[in-house]
Amino acid sequence: TILTAIATYIGAKIKKIYEEKANDETKRKVVATVVKAVEQLYKDLNGEEKLEKAQENIVEMLNEKGIMITELEMNMLIEEVCNSFKKEVK
């Protein structure tokens with residue numbers, strides 16, 4: 001009984017760690033996709049309007065997948081993608 005309880009506990013911890021990593025990777029992919037799409041689709045908008053569109057779409061896409069994201073995390077990931085654009089241009 002004790003071994004079963006320990007194995008169940010370890011299995012639950014491993015599952016949680018895996019889900020966190022999978023969710024983090026999903027968040028990165030969704031943010032990258034949305035930011036690229038917003039850049040292409042909304043060329044006539046200014047930076048602040050593009051950011052709002054990106055944030056709306058990111059939240060919507062992640063909610064559909066049952067993944068929560070904080071505003072801070074989302075903004076950090078958006079900034080990461082935008083900086084990669086700037087590096088590619090150079």
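This is a predicted model: local features need pLDDT of at least 70, side-chain atom pairs count only at pLDDT 80 or more; totals for chains, interfaces and linings use all residues.

Reader: Where does Met 68 lie?

Author: Met 68 sits in the loop between H2 and helix H3, which covers 71–89.

Reader: Is Met 68 buried or exposed?

Author: To decide, compare the relative accessibility with a cut-off; exposed means over 50%. Met 68 has 63% relative accessibility, so it counts as exposed.

Reader: How many residues separate Met 68 and Lys 27 in sequence, and how many Å in space?

Author: Two separations can be read for any pair, one along the chain and one through space. Here Met 68 and Lys 27 are 41 residues apart in sequence, and 9.1 Å apart from C-alpha to C-alpha.

Reader: What else does Lys 27 touch?

Author: Lys 27 belongs to helix H1. Beyond residues up to four places away in sequence, Lys 27 touches Leu 62, Ile 67, Met 68, Ile 69, Glu 73 and Leu 77. Its relative accessibility is 8%, and because buried means under 20%, Lys 27 counts as buried.

Reader: How do I read the way two helices pack?

Author: Look at the distance between their axes, the angle, and then the residues in the contact. The axes of H1 (residues 2–41) and H2 (residues 47–64) come within 9 Å and cross at roughly 140°. The two helices are therefore oblique to each other. The crossing of H1 and H2 is right-handed.

Reader: Which residues make the contact?

Author: From H1 they are Thr 26, Lys 27, Val 30, Val 31, Val 34, Val 38 and Glu 39. From H2 they are Lys 50, Lys 53, Ala 54, Asn 57, Ile 58, Met 61 and Leu 62. By class, the residues of this contact comprise 8 nonpolar, 2 polar and 4 charged.

Reader: How do I describe the whole protein?

Author: Count the elements, then look at the overall dimensions. The protein has 3 helices and 0 strands, in the order α-α-α along the sequence. Its radius of gyration is 18 Å, well over the 12 Å that the globule rule gives for 90 residues, so the protein is more spread out than a compact globule. The C-alpha trace spans about 65 × 30 × 20 Å along its principal axes.

Reader: What percentage of the residues count as buried?

Author: Of the 90 residues, 20% count as buried.

Reader: And how much of the contact comes from residues 24 or more positions apart?

Author: Among contacts with a separation of 6 or more, such residues account for 63%. The pair you began with, Met 68 and Lys 27, is in contact and is 41 residues apart in sequence.

Definitions and conventions:
Residues are numbered from 1 along each chain as its sequence is written. Side-chain values use heavy atoms; hydrogens and water are left out. Axes are lines fitted to C-alpha atoms, for helices over the stretch in contact, and angles run from 0 to 180 degrees between N-to-C directions. Helices (H or I, at least four residues) and strands (E, at least two) are DSSP runs, numbered from the N terminus. Angles under 35 degrees count as roughly parallel, over 145 as roughly antiparallel, 65 to 115 as roughly perpendicular and the rest as oblique. A crossing is left-handed if the near helix is turned anticlockwise from the far one by less than a right angle, and right-handed if clockwise. Contact means heavy atoms within 4.5 Å. Ala, Val, Leu, Ile, Met, Phe, Trp, Tyr, Cys and Pro count as nonpolar, Asp, Glu, Lys and Arg as charged, and the others, Gly among them, as polar. The radius of gyration is taken over C-alpha atoms; the globule rule is 2.2 Å times the number of residues to the power 0.38. Buried means under 20% relative accessible area, exposed over 50%, partly exposed in between (1.4 Å probe, protein chains only).
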